[in-house]
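Please open the structure in your viewer and keep the selection panel at hand. The tour below goes from stop to stop, saying what to select and what is there.

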Amino acid sequence: MATYGSPLYVYSRAEIEKNWHTFNDAFSNHPHLVCFAVKANSNLAVLNVLAKIGSGFDVVSRGELERVLAAGGQANRCVFSGVAKATDEIEYALEVGIRCFNVESSSELDRIESIANRLNAQAPISIRVNPDVDAKTHPYISTGLKENKFGVDINDAISLYEKANNSKYLDVQGLDCHIGSQITDVSPFLDALGKVLELIEELKTKGIEIAHLDLGGGIGIKYDNEQTIDVNAYIVSVLEKVGDLEIILEPGRAIVGNAGIFVTQVEFLKQNSEHSFAIIDGAMNDLLRPAFYSAYHQVLPVNENSNGTQANWDLVGPICETGDFLAKNRKLSLSEGDYLAIMSAGAYGFTMSSNYNSRPRVAEVIVSGDQHSLVRERETIQDLFNKEHLMND
Ligand SMILES: *Cc1c(COP(=O)(O)O)cnc(C)c1O
């Protein structure tokens with residue numbers, strides 16, 4: 001903190017690599033590609049660490065695709081997901097030669113076809129089907145139910161595949177599904193797998209061959225003491241059912257979530273008859289998950305403080321919103337000036353951060369062995385408004 005200031009994100013390179021290898025190694029010799037979901041953590045250095053060990057990437061925008069390429073990732077190891085791919089995004093993805101578009105609607109399929117036609121290219125596609133399974137996760141991160149905006153109803157998928165198969169500008173490669181995030185039980189994944197394998201069989205009877213099956217991401221991590229999925233056992237049970245089919249996975253959180261912490265400093269302690277507030281320098285704009293999903297993150301003192309004030313503290317930020325908290329009711333011994341580590345903050349932490357309340361976004365650091373490197377500078381106040389202009393009169 002003396003070097004980089006507070007607040008701050010800190011990631012562990014070794015942990016990121018270990019988590020990716022847990023996925024990759026579970027496949028052994030089975031054809032597969034582990035595509036890191038870039039939206040979980042899109043820092044160039046994080047992407048570069050993963051590119052160097054052979055990771056593929058799941059991107060949801062042109063910005064993410066450009067980041068991957070800038071970080072040394074390969075376009076032909078990128079799959080492109082997302083419900084609303086814009087024309088320039090599709091053109092760019094075709095030009096750089098991505099591995100596959102995960103198509104989420106009939107209109108999007110038409111748009112990709114007409115762009116491929118214009119560029120005289122053949123677009124590799126998968127249809128993202130919505131298997132209508134309940135991932136039993138927070139409603140904001142559940143995506144595989146009929147009521148969600150994602151994917152194509154499994155009953156409509158066949159006609160889309162027939163349409164794609166008849167187009168000379170579309171190359172049917174795979175089938176895709178992603179049912180949600182922070183899923184801690186394997187059964188919704190296996191339910192979805194059963195449904196998509198049936199669909200693949202049905203497509204085969206119509207002469208449509210699927211070369212890869214993309215099962216998305218969504219594997220939950222431990223934020224507290226919850227039970228979660230054993231990655232190796234999950235992949236082994238997938239491989240028992242899929243024959244020779246190539247498998248793509250798109251884990252985000254499971255690779256970076258537990259590889260990062262958010263460090264924040266206690267500014268003021270404020271106690272009244274009802275509550276003990278520790279007012280910290282980090283806020284909901286830096287780490288949105290608690291405010292947005294009521295998410296739980298463990299909080300650990302960076303240095304044990306036996307002289308502090310013992311209480312059940314609410315950790316609240318400087319932002320003018322009652323929802324601005326990072327943790328509630330945590331038994332800690334605190335003094336003003338203490339540093340706290342908000343644990344498991346490596347996924348959907350920095351990437352969801354904003355400048356709300358004109359707060360510059362924080363710095364990011366990666367630790368590798370006994371080295372540490374600044375991989376994103378703290379923004380300056382000038383950065384906040386240097387694209388703004390006064391009117392002329
Ligand atoms: C968000 C997302 C992922 C990654 O989800 P995690 O829960 O971080 O593993 C993968 N695929 C798609 C299509 C997504 O939208």
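**Stop one: helices α1 and α8**

Select α1 and α8, whose crossing is right-handed (a crossing counts as right-handed if the near helix is turned clockwise from the far one by less than a right angle, and as left-handed if anticlockwise). The contact between them is made by Thr 22, Phe 23 and Ala 26 on the α1 side and by Val 231, Asn 232, Ile 235 and Leu 239 on the α8 side, where contact means heavy atoms within 4.5 Å. Sorted by class, this contact of α1 with α8 has 5 nonpolar, 2 polar and no charged residues; Ala, Val, Leu, Ile, Met, Phe, Trp, Tyr, Cys and Pro count as nonpolar, Asp, Glu, Lys and Arg as charged, and the others, Gly among them, as polar.

Helix α1 covers residues 13-26 and helix α8 covers residues 231-239, and the two pack at an angle of about 25 degrees with their axes 9 Å apart. Axes are lines fitted to C-alpha atoms, for helices over the stretch in contact, and angles run from 0 to 180 degrees between N-to-C directions. The two helices α1 and α8 are therefore roughly parallel to each other, given that angles under 35 degrees count as roughly parallel, over 145 as roughly antiparallel, 65 to 115 as roughly perpendicular and the rest as oblique.

Before moving on, note that this is a predicted model, in which local features need pLDDT of at least 70 and side-chain atom pairs count only at pLDDT 80 or more, while totals for chains, interfaces and linings use all residues. Residues are numbered from 1 along each chain as its sequence is written, and side-chain values use heavy atoms, with hydrogens and water left out. Helices (H or I, at least four residues) and strands (E, at least two) are DSSP runs, numbered from the N terminus.

**Stop two: α1 again, with α2**

Show the side chains of Arg 13, Ile 16, Glu 17 and Trp 20 in α1, which meet Val 46, Val 49, Leu 50 and Lys 52 in α2. By class, the contact of α1 with α2 has 5 nonpolar, no polar and 3 charged residues.

Still in α1, pick Asn 24, whose side chain is joined to that of His 32 by a polar contact of 2.7 Å. A polar contact is a pair of N or O atoms within 3.5 Å; within protein, one must be able to donate a hydrogen and the other to accept it, and residues adjacent in sequence count only if both atoms are side-chain atoms.

**Stop three: the ligand**

Which residues come nearest to the ligand? Of the 14 residues around the ligand, these are Lys 39, Ser 181, Glu 250, Arg 253 and Tyr 348, a residue being near if one of its heavy atoms lies within 4 Å. Next select Asp 58, where an N or O atom of the side chain is 3.2 Å from a nitrogen atom of the ligand. At Gly 218, a backbone N or O atom lies 2.8 Å from an oxygen atom of the ligand.

**Stop four: two backbone details**

Select Ser 6 and Pro 7, where the peptide bond is cis with omega near -5 degrees. Finally, go to Asn 329, which has a positive phi of about 60 degrees although it is not a glycine, and which is placed in strand β15 (residues 325-334).
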